[in-house]
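Visitor: I am new here and would like a short tour. Could you take my questions one at a time?

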Amino acid sequence: MSLLVACGTDKTDDAFTTEGIEFDVEATGGVVTKTITSSNRWIASTDNQWITVSPANGKGTTECNFIIDSALTTTARRGVVVIENIDTWEQKQIVISQRGFDYSIEVEQPEVEIANYDRLDSRYFDVKIKSNIDFEVDIPDNAGWLDSERHTLDLNRGARPRTTTVRFKWDINTSPKERLAKVVFRPKGEVTLAHQDNLNVTQQAAEPIIPDTRAGDSVALLSISRTLQTMASWDASQPMEMWDNVVLWDKSMKGCTDQMVGRVRSAEFYFFNIKEQLPYEVKYLTAAEELYFFGNTNTFLLNLELGDDISELTQLKRLTLGSYGLISLPKSLAKLKNLEHLNVSSNNLQTVPEVLTKENFPKLRTLILNANQRSVISDLSNTIRTDLGGFIDEPTFPVELIKWDLDTLVLSVNYLQGPLPTFEDDDTVPYYTQEEINAVDSLPQILVDRKIKKVMPSCKRFSINHNRLYGLLPDWLLYHPALDLWIPQSLVFPQEGRAKNGTLAVFENEPANMDYYYKEYTTKKKPMGDEE
């Protein structure tokens, strides 16, 4: 710190005195004015760089400023200024004692109140903290809804307190009760604090939603739309009957009960912008049979989890979670035992979720898993990217999905690789029997004569086009009773690019046309124009 001193000189006399021989200064430093009286010329000097005297010389009665720098440590220090009469060499000493800084942690705003809900990018607040010791942010275990980012406290100028900003992020409060977190800032190191502030964070309660009621459904829909930031929401001043993409139960509908009348049977959410799991309010739609979510912003950049709230809707029959940015499905989804239709297309799945088994979803008849690519890479052997989605991490074709025997299985436009399974060594997959051929006149004799496996006998829609599959098309597929319904030359046979091992993605025995098929299935009518 530089010292600027102003002094005035009065009439001199024969005295040589100083006003006081000792004084104390706080750790923050400052300016202390003292009078020096001398009939002769004098000069002030000191070996302490943290003390400056101005003026440093004079004659007569002079007011001098002693400018003291801020302390650098937590310990006290002592300095001496020597005032010397140049003519007589007489000396006077002024002793200056300065306290060190006490260790302290001060919070500028120790009480913070936040809302129960806000957009993800707005769910934070900043707290300014003044301290001369680095500290850790201690958030209690029961406040998992609150988190802090890393902070930096620059103490390169010693123990003088410095101000830093700590950013806190918070989650939505789903409870109708407010919640409180007492945050403690604990010093790093064994020190005694002269002052320590804590931070009290109070979060407002959520708007109560009355479960299993029409009013609760309407509040839930509006809250979900708000959190999703949908492009178009509903007008709360209008009755739900007038809301687009919402169907309510009425007595004429199959399965409707008196308690369900007027409640939400199905709802659709399009074109939204969310970077977190599905809004928790979805769990209140306990009468819904179908929910549809499709069209998140920048889906290919996201790595989102679904959350467990939707797993509470055990009455659901149809569920679409498309283009959301999902990288997995929770195990809790297995609670949806009544689910008949599941569409999780256009997400970012690296593997087929473990929860998708016929044991977990005994009533499921439609499974749509197409277009899970983040971006299109034709040659997988010539890329260093690993976060491509599209089931890129599946080592082989997901056999269990085929053994599920669904009505609809869509796996198109992914990164599935390798050959299709033949099931020749799989005793759990039966062969067609002569009894079945005799009982159904549409089944050809070749199914028995060539010992063809009975794979997905119920499937009416199966598509695997534009993956990275190669090898031979197995007989169970080439002669499947529903192959003509699958539109195979568009939705089954065509592959593209190369697999990770460099193999060209093409089926070696892809038929040029369907003549071979209609030759065996004589009861089927060949479509017009189905030629090579």
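This is a predicted model: local features need pLDDT of at least 70, side-chain atom pairs count only at pLDDT 80 or more; totals for chains, interfaces and linings use all residues.

Visitor: Over which ring does the charged end of Arg265 sit?
Guide: Welcome! Residues are numbered from 1 along each chain as its sequence is written, and side-chain values use heavy atoms, leaving out hydrogens and water. A charge sits over a ring if NZ of Lys or CZ of Arg is within 6 Å of the ring centre and within 35 degrees of the ring normal. For Arg265 the distance to the centre is 4.5 Å, and the ring is that of Trp249.

Visitor: Are the planes of Phe423 and Trp476 stacked, tilted or edge-to-face?
Guide: Rings of Phe, Tyr and Trp (its six-membered ring) pair if their centres lie within 6.5 Å; planes under 30 degrees apart count as stacked, over 60 as edge-to-face and the rest as tilted. Here the centres are 6.1 Å apart and the planes make 55 degrees, so the pair is tilted.

Visitor: How far apart in sequence are the parts that this pair ties together?
Guide: Phe423 belongs to the loop between β26 (417-418) and α3 (434-439), while Trp476 is in helix α5 (residues 475-478). Helices (H or I, at least four residues) and strands (E, at least two) are DSSP runs, numbered from the N terminus. The parts joined are therefore separated by 53 residues.

Visitor: Is Trp476 buried or exposed?
Guide: Buried means under 20% relative accessible area, exposed over 50%, partly exposed in between (1.4 Å probe, protein chains only). With a relative accessible area of 3%, Trp476 is buried.
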